Amino acid sequence: MKLRIKEEKYESGVSKFFPQIYGENDWKTMNMMSIRFNDKGLQWCETLEEAQSFIKKFKDAMESLNLTDKVVEEKIYDVS
């Protein structure tokens, strides 16, 4: 898993930081609101530290999912 933070600087002096993940041969900005790591309603971080914290929380969440454990059997039970 490749992760990075892209910074965009604007003429106004404002900077925006975008946590990104590499997938499908391209860098994609991670949707912070859908992952629920951003409670400000923004699609970007306001500081580099905030973006670094987002990446750490994401990595911790991915590790807790134990994605290396593969499904070997699946059953569906009908509930009436």
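**Notes on the predicted model**

1. In this predicted model, the buried residues of helix H2 are Ala51, Phe54, Ile55 and Phe58. Seen down the axis of H2, these buried residues fall within an arc of 95°, so they line one face of the helix. An α-helix has 3.6 residues a turn, so residues three or four places apart point the same way. On the other side of H2, the exposed residues are Glu49, Lys56, Glu63 and Ser64.

2. As to its dimensions, H2 has 17 residues and spans 24 Å between its first and last C-alpha atoms, which is close to the 24 Å expected at 1.5 Å a residue. After H2 comes Asn66, and the phi of Asn66 is positive, near 50°.

3. The sheet is an open one of three strands, in the order E1-E2-E3, with antiparallel pairing. Its edge strands are E1 (residues 3–9) and E3, each of which pairs on one side only. From one strand to the next, the twist averages 40°. Strands of a sheet pair through backbone hydrogen bonds, either parallel or antiparallel.

4. Taking the two pairings in turn, E1 and E2 are joined in the antiparallel sense over seven bridges, and Ile5 has Pro19 as its bridge partner in E2. Helix H2 (residues 48–64) packs on the sheet, where it touches E1 and E2, and the direction of H2 makes about 155° with that of E1.

5. The other pairing, between E2 (residues 15–23) and E3 (residues 26–29), is antiparallel over four bridges, and Gln20 has Thr29 as its bridge partner in E3. With two residues between them, E2 and E3 form a hairpin, and Glu24 in the turn has a positive phi of about 55°.

6. Where does Lys2 lie, and which residues does Lys2 touch? Lys2 is in the segment before E1, and, leaving aside residues up to four places away in sequence, Lys2 touches Gln20, Ile21, Tyr22 and Trp27. The C-alpha atoms of Lys2 and Tyr22 are separated by 5.4 Å, although these two residues are 20 residues apart along the chain. Despite these contacts, Lys2 counts as exposed, because its relative accessible area of 52% is over the 50% that the term requires.

7. How many salt bridges does a search of the whole structure find? The search finds four, among them one between Lys6 and Glu8, whose closest N and O atoms are 3.0 Å apart. Both partners are partly exposed, Lys6 with a relative accessible area of 31% and Glu8 at 25%. Side chains of opposite charge can pair when their charged atoms come close.

8. Another salt bridge brings together the side chains of Lys28 and Asp26, at 4.0 Å from N to O; since the criterion is a separation within 4 Å, I would read this pair with that cut-off in mind. Lys28 is partly exposed, with a relative accessible area of 39%, and Asp26 is likewise partly exposed, with 39%. A further salt bridge is that between the side chains of Glu73 and Lys75, at 3.8 Å from N to O, and here Glu73 and Lys75 are both exposed.

Conventions: Residues are numbered from 1 along each chain as its sequence is written. This is a predicted model: local features need pLDDT of at least 70, side-chain atom pairs count only at pLDDT 80 or more; totals for chains, interfaces and linings use all residues. Side-chain values use heavy atoms; hydrogens and water are left out. Two strands pair if DSSP finds at least two bridges between them. Buried means under 20% relative accessible area, exposed over 50%, partly exposed in between (1.4 Å probe, protein chains only). Axes are lines fitted to C-alpha atoms, for helices over the stretch in contact, and angles run from 0 to 180 degrees between N-to-C directions. Contact means heavy atoms within 4.5 Å. The expected span of a helix is 1.5 Å times one less than its number of residues. The arc is that of the directions from the helix axis to the C-beta atoms.
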